[in-house]
There are 2 protein chains.
Amino acid sequence: MDEPRSAAEDAGNPEKAPRTERGRRTLRKLLDAAAIEFGERGFHDASISDITRRAGTALGSFYTYFDSKDAIFRALVADMSGRVRDHVAPAMEGAQGAIDAEGRALAAFLHFAREHQEIYRIIDEAEFVDPDSFRGHYATTAERIAARLAAGADADELRGGIGEVEAWAIMGMNVFLGLRYGVWDRREDIAGVAGRANALIADGIRKPRG
Amino acid sequence: MDEPRSAAEDAGNPEKAPRTERGRRTLRKLLDAAAIEFGERGFHDASISDITRRAGTALGSFYTYFDSKDAIFRALVADMSGRVRDHVAPAMEGAQGAIDAEGRALAAFLHFAREHQEIYRIIDEAEFVDPDSFRGHYATTAERIAARLAAGADADELRGGIGEVEAWAIMGMNVFLGLRYGVWDRREDIAGVAGRANALIADGIRKPRG
């Protein structure tokens with residue numbers, strides 16, 4: 001009972017949250033199957049019966065945790081959002097300051113995008129299927145970046161006056177680099193891409209004088 | 001016959017391109033109606049008859065220029081892409097160098113997004129409805145930014161070694177700032193947002209030393 005709740009459990013109907021380890025495994029299987037189903041076929045063509053077939057669970061298990069296709073999609077967006085966060089966070093441990101942390105976060109995200117190509121299709125389709133989830137994902141991601149920037153300014157590494165605008169700028173940069181170098185073209189060296197983007201946010205593209 | 005062809009005309013079936021001024025006006029009306037229809041209802045719920053009704057044209061006029069709902073959607077994405085380009089380009093005239101040009105481009109884009117809220121829904125839905133158009137829009141936009149950065153480096157204003165990665169980073173920044181401050185929240189001062197983003201790409205967020 002004291003274990004941390006997963007993003008999916010947070011997102012789901014609290015009355016339908018699994019109470020046993022077996023229930024959690026079933027929920028995980030359903031979410032993983034939903035990621036493949038929605039990622040490959042899109043929301044409209046995806047079906048609950050195909051999700052349970054992929055998951056190897058009974059149809060009844062689905063309704064133990066979700067009311068509808070909309071409900072599992074919403075839970076999946078929250079789950080994906082949480083998985084990105086949980087994948088990126090450890091990569092920032094041991095970072096040498098705020099700028100290095102952003103570079104590590106981007107590199108970890110690019111690796112995640114390469115391993116989970118379906119994330120773009122799912123999060124991007126949320127703009128149409130579940131706009132609140134879409135907005136929530138980016139709002140919370142930007143808040144996390146803004147908090148890191150504020151800490152970097154407090155530590156005197158970053159200049160003052162930075163906040164929400166810079167956080168949205170960095171997030172947009174990361175999302176598009178993930179699309180370009182994580183999903184569309186997976187050959188480019190991730191460390192090289194992340195390093196160049198990190199140099200951009202650190203010191204800009206203006207040629208230094210003197 | 002020597003007038004420049006619009007993006008929509010380029011994107012459409014060349015055999016169906018309008019040959020008269022009257023034809024061009026009809027095509028423009030159809031594209032403007034399609035922007036409202038797809039922007040408000042999304043691709044799947046939009047219908048050809050509602051587009052012609054909004055445009056005030058006969059159904060036959062539609063088929064003079066387009067074979068299908070897919071065809072006008074594809075033409076609309078190319079048209080929107082071209083309209084952004086044509087809106088942003090004059091704003092860069094008279095820029096004081098490459099960095100100022102990027103700042104003007106972003107400010108012009110934020111104004112465009114506020115005036116054409118439907119652009120996000122249409123371009124973003126292209127990821128699902130017409131992936132080639134979606135990819136083409138961003139690939140050509142990134143190429144334009146990369147060309148400007150290369151010119152700035154040639155002029156010794158920008159440092160060397162910048163190119164595609166930086167162009168995609170700047171484009172992603174612009175897209176997300178447009179979503180945040182152009183579409184979701186239209187109260188923020190555009191000059192302020194564009195100025196902060198421009199300072200980020202110019203000199204970064206690291207606190208200057210000495």
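The structure is a predicted model.

**The interface**

Chain B places 48 residues in contact with 48 residues of chain A. Between them the two chains bury about 4,800 Å², and carbon and sulfur atoms give 62% of that area. On the chain B side, the residues that lose the most area to chain A are B:Phe176, B:Trp184 and B:Ile205, which together make up 17% of what that side buries.

Four helices of chain B each supply at least two residues to the side that touches chain A: H7 (118–129), H8 (131–154), H9 (164–184) and H10 (190–203). The largest share comes from H9(B), with 16 residues. By residue class, the side of chain B that touches chain A divides into 27 nonpolar, five polar and 16 charged residues.

The count of salt bridges between the two chains is eight. One salt bridge joins the side chains of B:Lys207 and A:Asp156, with N to O at 2.5 Å.

**Asp156 in both chains**

A:Asp156, the partner of B:Lys207 in that salt bridge, is found in the loop between helix H8 (131–154) and helix H9 (164–184) of chain A. Its counterpart by number, B:Asp156, is found in the loop between H8 and H9 of chain B. Most residues other than glycine have a negative phi. A:Asp156 has a positive phi of about 70 degrees although it is not a glycine, and phi of B:Asp156 is likewise positive, near 70 degrees.

| Residue | Relative accessible area | Class |
|---|---|---|
| A:Asp156 | 38% | partly exposed |
| B:Asp156 | 37% | partly exposed |
| B:His87 | 30% | partly exposed |
| B:Asn198 | 15% | buried |

**The nonpolar core**

The largest nonpolar core has 140 residues. Those with the most contacts inside this core are Phe38, Phe66 and Leu177 of chain A, together with Phe38, Phe66 and Leu177 of chain B. Which residues does A:Phe38 contact, leaving aside its neighbours within four places in sequence? They are A:Phe43, A:Ala46, A:Ile51, A:Lys69, A:Ile72, A:Phe73, A:Leu76, A:Arg121 and A:Ile122.

**Two residues in helices of chain B**

B:His87 lies in helix H5 (residues 69–92) of chain B. Leaving aside its neighbours within four places in sequence, B:His87 is in contact with B:Ala108, B:His111, B:Phe112 and B:Glu115. The side chain of B:His87 reaches the backbone oxygen of B:Ala108 at 3.3 Å. B:His87 and B:Phe112 are 25 residues apart along the chain, and their C-alpha atoms are separated by 7.4 Å.

B:Asn198 lies in helix H10 of chain B. Is B:Asn198 buried or exposed? B:Asn198 counts as buried because its relative accessible area of 15% falls under the 20% cut-off. With neighbours within four places in sequence left aside, B:Asn198 is in contact with B:Ile99, B:Asp100, B:Glu102 and B:Gly103.

Note on methods: Residues are numbered from 1 along each chain as its sequence is written. Chains are lettered from A and ligands numbered from 1 in the order in which they are written. This is a predicted model: local features need pLDDT of at least 70, side-chain atom pairs count only at pLDDT 80 or more; totals for chains, interfaces and linings use all residues. Side-chain values use heavy atoms; hydrogens and water are left out. Contact means heavy atoms within 4.5 Å. Buried area is the accessible area (1.4 Å probe) that two parts lose on being put together, summed over both. A salt bridge is a side-chain nitrogen of Lys or Arg within 4 Å of a carboxyl oxygen of Asp or Glu. Ala, Val, Leu, Ile, Met, Phe, Trp, Tyr, Cys and Pro count as nonpolar, Asp, Glu, Lys and Arg as charged, and the others, Gly among them, as polar. A nonpolar core is a set of buried Ala, Val, Leu, Ile, Met, Phe, Trp, Tyr and Cys residues joined through side-chain atoms within 4.5 Å. Buried means under 20% relative accessible area, exposed over 50%, partly exposed in between (1.4 Å probe, protein chains only). A polar contact is a pair of N or O atoms within 3.5 Å; within protein, one must be able to donate a hydrogen and the other to accept it, and residues adjacent in sequence count only if both atoms are side-chain atoms.
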